[in-house]
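Look at the model below. This report then walks through one region of it.

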Amino acid sequence: MKKIILLIMGIIVIVGSAGAQQHNHSHSHGKVQAKGYAAMDDKGLLIPYEFERRAVGGNDLLVELEYCGICHSDVHDVFNDWGISSYPNIPGHEMIGKVVETGKNVTLFKVGDHVGLGAVVISCGECEKCKAGEEQYCTNPQTDEHGNMVSVAGYSNKTVVNEHFAIRIPDGAPLEKLGPIMCAGITVYSPLKALNIKQGDKLAVAGFGGLGHLAVQYAKAFGADVTVFDLTEDKRALAAELGAERYINVNNPTEMDNLGGSFDYIISTISSHYDVNQYLGMLKTHGEMVIVGLPARSEAPSVNILEMPFGTKISKWLMGGIPQTQEVMDFSVRNGIYPMVEVIPVQQVNEAIKNVKEGKVHFRYVIDLKTIK
């Protein structure tokens, strides 16, 4: 059981230097020299760091990274909140970059193409889940060339990746806004698609941050009637601007009254401790709550099954596979659905990490990796 848990948690931060899906052909120029920012221990302070990527194999792309979003999972990763981190630790799994070299067997991309890279960049390619396009649930745990399940990753200037795991970027898309789609976007899009959200469905989005504000936009595109739950007043107007019919401040007791049996579905993006049963009580009979936010181990909420309403369901979701990640990228660009981002130079990464940890970001920091010197 422990092995499976490590895979599920680890895949959230498996990025960057992970090994090829099945092939690892040698290349003439040898290993790739790269620069990034790494945490050296669980104090979480990131410093400049030089390291090596693997050589470009026959099925690989060498990608010059341009942007990377800062996900709350990055904070958990560098501070070892899940108890699985290794150091030096280069976080980051919301990458956008340009292909600057291809392996001899590559057919999907060419030099000059822009690609997205997310949390899934390694899998066996042979198990039932991989063959079904659900690489995030690969049943044969894979490691990178250093033997790590959790790999040095996206806060860097270069990476090497098997072409299978790269997402094609539509022409003309705003590159600085696309990185978060590789994690935050697919993480909420995938369960909303699985729930078959349709016109008129009553959906609650718990937590209006990096994931939540994208969940609102996708749900509205699917026709849902959306209610947002969050902790403060300062996001109320923006929730309405993005299409939410209602905004509930959970710290205002009067707004929390009479919500029992209100929703067909609830998607929780909350990454800190909260009362799961409180939300389950808001579901209609046969309603479902989907959990996509992953708090630190010390803040993980629990469910009291004696208080859980009969006829309700609860599920936990892990992103989507490579085909669906391409789907959400295309859907987002086609419908103009983008995260709200603040682009920062890499030299401000520690301040940004601190703000994410303290919940002081609206809604996604994106690092301009071209500022790495």
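What follows covers a helix, its neighbours and a nearby sheet.

This is a predicted model, in which local features need pLDDT of at least 70, side-chain atom pairs count only at pLDDT 80 or more, and totals for chains, interfaces and linings use all residues. Residues are numbered from 1 along each chain as its sequence is written, and side-chain values use heavy atoms, with hydrogens and water left out.

**Helix α4 and its partner**

Helices (H or I, at least four residues) and strands (E, at least two) are DSSP runs, numbered from the N terminus. Helix α4 spans residues 184-194 and helix α5 spans residues 212-221. They pack at an angle of about 40°, with axes 9 Å apart. Axes are lines fitted to C-alpha atoms, for helices over the stretch in contact, and angles run from 0 to 180 degrees between N-to-C directions. That angle makes α4 oblique to α5; angles under 35 degrees count as roughly parallel, over 145 as roughly antiparallel, 65 to 115 as roughly perpendicular and the rest as oblique.

Contact means heavy atoms within 4.5 Å. From α4, Ala-184, Gly-185, Val-188, Tyr-189 and Leu-192 make the contact. From α5 come Leu-214, Ala-215, Tyr-218 and Ala-219.

**Burial**

Buried means under 20% relative accessible area, exposed over 50%, partly exposed in between (1.4 Å probe, protein chains only). In α4, 9 of the 11 residues are buried, so the helix is largely enclosed by the rest of the structure. Among them are Ile-186, Thr-187, Ser-190 and Pro-191. The buried residues of α4 pack against these elements:

| Element | Residues |
|---|---|
| β11 | 263-268 |
| β12 | 283-291 |
| α8 | 322-335 |
| β15 | 364-368 |

β8 and α5 are also packed against by these buried residues.

**After the helix**

Just after α4, Asn-196 takes a positive phi of about 60°. Gln-199 lies in the loop between α4 and β8. Gln-199 is exposed, with a relative accessible area of 69%. Not counting residues up to four places away in sequence, Gln-199 touches Phe-222 and Gly-223. Its C-alpha atom is separated by 9.2 Å from that of Ala-221, 22 residues apart along the chain.

**The sheet**

Two strands pair if DSSP finds at least two bridges between them. An open sheet is formed by 6 strands, ordered β10-β9-β8-β11-β12-β13, with parallel pairing. Its edge strands are β10 (246-249) and β13 (313-316). The twist averages 20° from one strand to the next. Strands β8 (residues 202-206) and β9 (residues 225-230) pair over 5 bridges. Ala-206 stands opposite Phe-229 in β9.
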